[in-house]
Amino acid sequence: MHTFKKCLAVILWILGSSLICSGSSLWGNKIAFTTKSCVWQLNNVIIPPLEELSVCVNLMKKIVTSEWTAFDYKGPGQQHVELGLAGDGGNLKAYLFGEEWKVAYDLQKDTWHTVCLTWSSHTRLFQMIVNKAIFKIHLKETSPRFLAANGTLTLGVSHSFVGGSIDFETGKNFLGDMSLFRMWGEQLSPLQLDAFKCVDGNIMTWRTQDWDYPKCPPIQDDSLKCESSKYKIQMNTSITQNTKSGNTENEIQEIVLHWLKNIFPRKISVHSVFLSNLSAQTGADLTGQNKGKIQGSGKPQIKTQWFDCVVFVSVIPGADVRETVSKIQTLLITSYNYSENVFLITNPDSINILSVAVLPNVTLNPAVTTAAPVLSQTTKSPGSKNITTSVTSTPLRTLATDNICSTTSRLISYRDFGDIFYKVYLNLTMSGSITNPKHTIQEWLHETLGKCKMDVLNLVLKEAPKYITTFQVQTSIPVNVTATERLIFELVTKGYTNATINISVPTGEVKVNHIDPGLCPEEIMLTVYGIYMWPGMTAQSLYDMGCVRGNESATRFCKLNGTTDRAVWDPPDMSKCIRTVDFDDLENITVTADNSADIVNMIEDLLREQTGLNDAQMDIVLEKLSKVTEVGTLTTDLSSSITNIVSDICYITTNPTQVTNKVLSITDLMGDRTVFAGDAHNMTAPSLALQLINPDTSQFHGLTFEVSSLQNDSTPEIFYDENFTEHPNSGTVAFISLPPAIESFFPNNEANPRVQFQFYAQENFFKDPAINMTLNSYVVSASVTNATVSDLEIPVMVTLRHLQTKEDWDSVRCVYWDFNKNNKKGGWNDTGCETVKSNATHTSCSCDHLTHFGVLLDISKTPINPKDEKILTVISYLGSGISSIFLGVTLLTYLAFEKLRRDYPSKILINISVALLGLNMLFLVNSWFASFNSNALCITVAALLHYFFLATFTWMGLGAINMYLALVKVFNSYVPSYMLKFCALGWGLPLLVVGLVLAIDINSYGADLSRALLQDDSTAFCWVKNDVTFYVTVVTFVTLIMVCNICVFAVVLVQIRKMRVNKHASNRKGFLHDLRVVASLTFLLGLTWILAFVAWGPAKTPLLYLFSLLNSLQGFFIFLFYCLMKDNVRKQWRMHLCCGRFRHSEYSDWSRSVTPGAKAKGGQHVSSPSMKSETTSERKISDTSNSGASHDGVFLTRDRKQ
């Protein structure tokens, strides 16, 4: 026992003496750079060749100088600044790889500022974050991939090398206070940096042993408080005990836990303990004379075992880092007597206490199958809480692969805690029976790496001649980086072979990189389900939190992003939680810069559950959004969320006139205040797009913004050009171009100008009840931040696509949205805007100011909506198909039965049927021919369609002339070659017209693009596309025919009326008889086409329905009146087509139904005038009426002799 106590005394003396040189934390201390001779230089820290980094420092300027240096890092022998931060007047200067970037940000004097620099070679992104303001710089692809290693770093002054020695460059010293200089070996996001404000760096920490400062030691400043609740303790500890009372490994664990429990106060609780490198030595594991002093005579009576110990503790509530580190260090350096024969001692030099952002997730997420190569157990000392401990476990040995795993596991050290993720790039070849390559490779990797307790994540496969494969690997914790990289390499290059497949991986085509995904940051979320505080979590871990209301849980998974290799939060799953916030609660929340993002998230959650908003709810939402855009820090993510909300509002609002001005003000202010890196940023949502541009004032040649198309979900596809142009690309949806003169409206101060463009694809959102016009385009706008642009000499050019095809007689107006109209509710105004040109699909405008532009259409002509247009198209095609069938039957009937075509009216009817059948058939197949995209074919089809169209109307006109001659002109006349002349005119005149059109301009025919072409499902139609040709050869021609036919129709009706008056009452027919006469003449003369000329105003749509129905079925009605309802036609059918009792035999009175006539040589004889003619007319009307063909009483009126 005496020997044991003597040895203990020697060990305590040796370890206690080392306290003199032990390092201490600099938390709560600052450097006062008050003289130019004050310099701090990095010492005892080797900076590795980093692929990414983050460095932060707190600065307070005391004296304003023209130039100053905060820190300066240079590689060995380098003269350029590899990494640095400096100031120049009102600018900050950041250095990386010898390049300098200036940021317009002036650090106010006597105020603490936090400045961070972050960089990643993977994203080529260099950032400066100053007091949460973010400035992004995109590096060239040729920029270096690694930071120069093992360089020199100075604080407060720049330095250079002269003759191999360091030389401090006075004259650019920083004169003020500096604190908390730290560096991490990863690129942290702004949110992570904010969460790490009280966390030590993992490359450089804020400790005295890392720095040389010969002339200006650190100064304690009690105002520099920084609270943290999580700490990592690294130390080398020994347990000394009498050999007669040796303890097992598990007993040593219990002793360590008992020691920590007893020395730490109640507010410090142990989270986890990791023991490694446990040695079994006789005597203290010290070198040289120290070991000899303890062992004495060479007869060791005691056993001392040294081990590395990593302890994670939580301090609740969080406390100042400097005070906490000092207290923990004081507690640990005191020896601890566990019993009379067992005591523990920690080497003070080995104690390193770091503030950390997150505690290790010792119990892995059940979703992750990787099991850590540690034994985890819960030990409960009397009166203590459950504490998780971990000790090295024996690797499993299975098959040949496990030999590699077990060999490599010997290299694993617990010193490397946290290095658990790797990125693997490989090219492999695969042969055999393979149906799903990705599944096969996934199974192979899971089988191969899974045996060594590794998980495969985010497998990406690109099929080429070789399979280019990338994936991530999650290994058990803790691991050795180099050993595990080699293990992964060995495992995948072994390949795989079985009876069906063979996988081969060449050793030269495998690359394994260790990646540090960082942490999912701590985040406080204010949601409609309550306030949730998500702690910082390691990648691939799930956090479960009880719902604020209800007995269920909300969960959130921290995943490893397969593209960025960073730890990112998935959206939380709160589906089982009960909502705690509604619109009334939202109204009572005060919007601040800190909770702006939470307010926006709450609004998104509320809108997700709403199908509509009443006026009060809409006012609350718009008020909160307005406040967010005023006071919030508008990051690109936050602005994108607001953009999506505005898009939703445009769809769900039921009273747009009340909210249009408010919404436009919100989007305008959001565009002005959004913070983004680079020269441009855009945000799109369904029916909404914003393009933000920070123009280069030194080379400003104008700006052009264009919306090329809308995707299936109505999201616009946009682009911009840094030039002014007057003419957009063909087919553009919206186009606006700003002239170079806009530059004169840019701010004169040093502030960067900003131009923003906006596009709205919800025309119903812009309603002006004060005008009798409708918006016939989407809305596009442009503005310059903090400037009112007006009275431009060179106007702004705007081109907008019509929502509805503009007819030539339609009137359009170029207008802008006037916020002051309609009692400040907004409305359309055309002041300062002129219509440059307008065609069927687009209107171009020029305006002398900037605002929201649109094109109005006169709605007195009542446009057809797309739904009605589709219905009308279906009616036209169905009617034409039906008419074609019955016209064919009519032609077959009259051509087959010679007795039906003996008179001229029947022959005219045959010609009308042929022309109308050709018109219908070509109409039905027109779009099919147009789909071949052959210009020659389309011109041919259009010319034929035009010909049959004109022929149809020509023969209808000739029928009217024949009717006039037969019924009204009462005199004997001889017309030589009567029918031959009719045929020459009926078929020759249309041929002449079409021939002239082809001779003058063959391109008058082609694919006509109607309004349907603007829709996604549109098809071309071959027709007359030249406006002049259309109006001369179609409209004018049809108008003349219609005027002639209407006149004849009126005269015939008057004549019939006279004949009825002269008849005896007993012989008069009834009302139905007269109605059939009028109906048959209406269809035969084509009078239903008149509906196209009177379809105006509110009655336009109903009249067009009637027009389409009657005209597409014209062939059917001809069959109805001139075949089905005609008695002599039915008799011919019965005589020739029926049998049995339905068959009709010829009878003698056939001549009473069809006027007999003798053929004259080459001419026509019209009966003598006088009362006899009139009597004959009356008789024919009566006879044909009795036969059931009332229309023949007019159309086949006079006896014809040939």
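Buried means under 20% relative accessible area, exposed means over 50%, and partly exposed is in between, with a 1.4 Å probe and protein chains only as cover. Keep that handy for the tour. What you have open is a predicted model, in which local features need pLDDT of at least 70, side-chain atom pairs count only at pLDDT 80 or more, and totals for chains, interfaces and linings use all residues. Residues are numbered from 1 along each chain as its sequence is written, and side-chain values use heavy atoms, with hydrogens and water left out.

**Stop 1: a charged patch**

Select Asp584, Asp585, Glu587 and Glu623, which form a negative surface patch. A patch takes residues with over 30% relative accessible area and no salt bridge, joining like charges within 9 Å and nonpolar side chains (Val, Leu, Ile, Met, Phe, Trp, Tyr) within 5 Å. A salt bridge here is a side-chain nitrogen of Lys or Arg within 4 Å of a carboxyl oxygen of Asp or Glu. Helix H9 (residues 583–587) gives the most to the patch, with three residues. Helices are DSSP runs of H or I with at least four residues, strands are E runs of at least two, and both are numbered from the N terminus. Now click on Glu623, which sits in helix H11 (residues 615–631). Glu623 counts as partly exposed because its relative accessibility is 39%.

**Stop 2: a covered strand**

Next, select strand E51 (residues 842–847). Buried or exposed: which are its residues? Six of the six are buried, so the strand is mostly covered. His842, Ser844 and Ser846 point one way, while Thr843, Cys845 and Cys847 point the other way.

Now bring in the neighbours; two strands pair if DSSP finds at least two bridges between them. Strand E47 (residues 796–801) runs antiparallel to E51, joined by six bridges, and Leu800 has Thr843 as its bridge partner. Strand E50 (residues 833–838) is also antiparallel to E51, with five bridges; look there for Thr835 opposite Cys845. A hairpin of three residues takes you from E50 to E51.

**Stop 3: an enclosed helix**

Jump to helix H23 (residues 1114–1124). It is largely enclosed by the rest of the structure, because eight of its 11 residues are buried. Among them are Phe1117, Phe1119, Phe1121 and Tyr1122.

**Stop 4**

Most residues other than glycine have a negative phi, and most peptide bonds are trans. Here are some spots to check against that.

- Select Ile316 and Pro317: a cis peptide bond joins them, with omega about 0°. Pro317 lies in strand E20 (residues 302–320).
- Select Phe97, which has a positive phi of about 55° although it is not a glycine. Phe97 is in the loop between strand E6 (91–96) and strand E7 (99–103), and is buried at a relative accessible area of 13%.
- Select Asn786, with a positive phi near 60°. Asn786 lies in the loop between strand E46 (779–784) and E47, and counts as exposed at 79% relative accessibility.

**Stop 5: an open sheet**

Finish with the seven strands that form an open, antiparallel sheet in the order E10-E9-E8-E3-E14-E1-E16. Which strands are at the edges? They are E10 (133–138) and E16 (219–220), each pairing on one side only. Zoom in on strand E1 (residues 29–33), which pairs with E16 in the antiparallel sense over two bridges. Asn29 has Gln220 in E16 as its bridge partner.

Technical notes: Areas by Shrake-Rupley, 256 points an atom, 1.4 Å probe, with all protein chains shown as cover. Lys, Arg positive; Asp, Glu negative; His and termini not counted. Charge placed at Lys NZ, Arg CZ, Asp CG, Glu CD.
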